[in-house]
Amino acid sequence: MTWRTVALIAAALCLLSPAWADLTATVGMTTGTTLDLDTGAIGTGGAADLVYTGPGGIAALGNGTLVTLYNGTGSATFNGITQANLVALTTYSSAQLPDFALKTGVIFAARTKTGKYSKLLVANNVSGTLVLTFNTFTAPAIVSVQNNYGQIDADLPNSALAPGSLIFVKGYNLSPVNDGQTLRSSASPGLQNTVSGVSVIVTVNGISLNCPLYYLSPTQINAVLPGNTPLGSGTVFVNNNQNKSATFTITVGRSSFGILNYNGSLAATYDANNALISRFNAANPGQTIVIWGSGVGGDAANDDRLFPQKTNNLVNVPMQVLVGGRVATILYRGRSQFPGLDQIVVTLPSSVPTGCYVPLSVITGTIVSNGVTIPVAASGKTCADPDDPLTPAILQTLSAKAKTRTALITLDRLSTSGGIFVDALGKFQTTAGFGLTAGSRSVSVGNCLTSVTLAYSSNQTSIPLDAGPGIQVTQLTGPQTLTMFRKVNADSTDYVPDNVQESLFPDAGGSIIFDSSPGGTEVPRFSMSVSLPAHFSWTNPAALNTIDRQGATVTWSGGSGAAYILMMGFTSSSKTGAYASFSCRAPASAGQFTIPSYALMAMPPGPGNLVLLAVGQQYSTSIPGLDFVSILAEIGFSRVVNY
């Protein structure tokens with residue numbers, strides 16, 4: 001094993017950022033006093049969470065403490081606020097709350113320096129004394145338990161966890177340990193079942209087992225589901241120094257593979273030299289590659305705590321690997337040398353399709369892995385997609401930049417049962433780390449990719465980019481003209497119209513001109529055109545009222561001027577709201593496309609949407625002030641279907 005293999009665990013454990021009981025107290029604060037929300041201590045300094053500055057109001061102390069006003073007042077509202085409510089808030093800010101806003105009955109919330117959540121009620125505020133009633137939630141609670149790499153939400157058809165796989169438990173107050181991204185070593189004596197008083201217990205069919213622990217933090221625990229975990233429905237709970245969370249329901253299946261990926265969809269596959277399969281090291285037909293992930297299944301010959309694991313080929317585990325819908329030959333399925341971390345070694349079929357985003361799926365029975373792609377070239381090591389504006393050469397140039405100036409402009413006309421909806425949007429921004437996620441969730445023409453609600457974080461940061469006061473959009477055959485006005489957001493400058501007329505999208509197609517005259521301070525004036533797809537029609541919508549898991553054929557006519565046809569499906573669980581989707585691309589000239597079964601296996605049963613779009617596309621890397629600009633003109637249809 002090389003350093004790269006060891007780094008796989010550290011990079012891919014999906015690290016997302018004493019006994020306790022909920023602390024409730026009422027305290028009085030005068031000017032200059034501080035409050036520690038973990039202990040209730042009032043003081044004049046030290047490692048507290050809040051300070052009362054009198055006329056200035058309440059201010060946060062420490063990097064980990066953020067404060068926000070809560071939407072609601074009074075003790076009845078205060079009593080009804082749960083820990084989950086506070087976790088779900090997205091409006092935390094380091095801004096000080098002024099004293100005039102802290103009226104009796106006002107509620108605000110805080111995240112403490114140790115990652116806990118507090119709700120605070122202003123009981124009184126008079127004569128320089130602020131009286132607060134607060135409740136700091138400290139009981140552990142589980143939000144989700146997922147395969148560490150598949151990250152499939154509970155209640156989706158492919159959310160089962162396999163014995164011996166890496167899992168992550170997300171929640172809050174799961175552990176007193178908050179030590180960054182420290183991984184416990186699996187070298188002798190191996191992973192421990194209890195660390196700092198914390199343990200994770202799984203129970204299936206009346207049998208309870210401890211999960212060996214890799215990583216702990218207040219909001220996430222990474223562990224190994226024991227290889228001898230029985231199959232069936234079960235529960236998981238966290239014991240934090242004898243303070244137990246409520247149980248979380250899971251399903252344990254014989255095999256349920258999650259594929260490690262690097263940008264949301266690029267699979268962690270390697271060649272014989274342990275080099276990542278990438279756009280510049282594409283796989284070839286007939287080549288043998290290694291797929292990294294977790295969830296092949298239990299291995300009775302291995303101790304789930306110890307490195308090195310025995311690399312037993314688990315040939316009795318039923319499994320199929322599809323690359324671009326073609327069956328690959330499996331040479332090995334089983335552990336790497338690390339507990340929970342698996343490898344599948346396959347030889348690509350000679351008929352594998354080529355492209356930079358060829359889908360890869362691992363299937364056991366009715367359970368399909370998370371949707372990922374790999375680059376495949378017919379020969380050589382550089383992949384290509386004729387419709388992809390991010391050519392390998394352009395991506396290489398953009399990836400070398402610390403910051404990338406990009407623009408995306410879209411025009412949309414969508415026909416639905418409720419009418420025709422038209423819209424437009426232009427987004428201009430400077431992004432750090434653009435190359436890290438470029439191409440994420442893309443799929444090569446002739447293929448499909450599944451998607452779920454992932455906990456993936458790109459570590460990107462973006463700021464607005466000024467392209468001028470507005471963009472004129474002109475339909476030349478009309479002509480119809482639309483003005484998109486500037487709107488500056490925190491991370492981008494958006495250009496939005498007051499109103500988009502359906503007449504901007506004639507059925508006969510034509511060219512649309514985008515002109516940013518007079519230009520902006522950062523992006524000078526530019527002019528670009530895009531072709532509208534012509535005479536596009538969905539010809540068999542009635543045949544698709546119900547779509548089963550065996551596949552479904554979509555047919556259309558027209559669409560000349562389109563770069564490709566895009567099919568998208570969306571649905572969610574009626575119980576939990578867990579969401580799944582797929583997207584497929586086909587050439588417009590094909591007139592039909594069959595959505596394959598592997599793209600539909602992850603869709604929960606019930607009503608959802610099916611969308612068919614003809615996509616006109618234009619791009620440039622030569623506009624002054626921009627490194628990359630892409631314009632899309634989409635014309636299509638959406639209907640409700642039953643999956």
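Which pattern do the disulfides of the protein chain follow, with bonded cysteines counted along the chain?

Modeller: They follow the pattern 1-2, 3-4, counting bonded cysteines along the chain. Before the details, some housekeeping: this is a predicted model, where local features need pLDDT of at least 70, side-chain atom pairs count only at pLDDT 80 or more, and totals for chains, interfaces and linings use all residues. Residues are numbered from 1 along each chain as its sequence is written, and side-chain values use heavy atoms, with hydrogens and water left out.

The structure holds 2 disulfides, a disulfide being a pair of cysteine sulfur atoms within 2.5 Å. One of them is formed by Cys-356 and Cys-383, with their sulfur atoms 2.1 Å apart. That link is right-handed, with 100° about the S-S bond. It connects distant parts of the chain: Cys-356 sits in strand S25 (residues 355-364), while Cys-383 is in the loop between strand S27 (372-376) and helix H4 (392-399), 27 residues apart. Helices (H or I, at least four residues) and strands (E, at least two) are DSSP runs here, numbered from the N terminus. Cys-356 and Cys-383 are both buried, and the cut-offs are under 20% relative accessible area for buried, over 50% for exposed and partly exposed in between (1.4 Å probe, protein chains only).

The other bond joins Cys-448 to Cys-584, S to S 2.0 Å. With 110° about the S-S bond, the link of Cys-448 and Cys-584 is right-handed too. Cys-448 belongs to strand S30 (residues 448-452) and Cys-584 to strand S40 (residues 579-586), so this pair ties together parts that are 136 residues apart in sequence. Again, both Cys-448 and Cys-584 are buried. While we're on cysteines, Cys-211 counts as buried because its relative accessibility is 0%.

On a 1 Å grid over the protein atoms alone, a cavity is a set of points where a 1.4 Å probe fits but cannot get out, and lining residues have an atom within 4 Å of a point. The largest cavity has 11 lining residues, and Asn-370, Gly-371, Thr-450, Ser-451 and Val-452 lie nearest its centre. Its space is about 60 Å³, the volume being what is filled by probe spheres set on the points, with grid points joined across faces, edges and corners. The lining of the largest cavity divides into 4 nonpolar, 6 polar and 1 charged; Ala, Val, Leu, Ile, Met, Phe, Trp, Tyr, Cys and Pro count as nonpolar, Asp, Glu, Lys and Arg as charged, and the others, Gly among them, as polar.

Then there's the backbone. A cis peptide bond joins Ser-188 and Pro-189, with omega about 10°, and Pro-189 is in the loop between strand S11 (166-172) and strand S12 (198-204). The peptide bond from Phe-307 to Pro-308 is cis as well, omega near -5°; Pro-308 is placed in the loop between strand S21 (288-294) and strand S22 (320-323). Gln-242 is not a glycine, yet has a positive phi of about 70°. Gln-242 lies in the loop between strand S16 (232-240) and strand S17 (243-244), and is exposed, with a relative accessible area of 68%.

Definitions and conventions. 1 Å grid on protein atoms, 1.4 Å probe; cavity = no way out; pocket = protein on both sides within 12 Å on 5 of 7 lines; lining within 4 Å.
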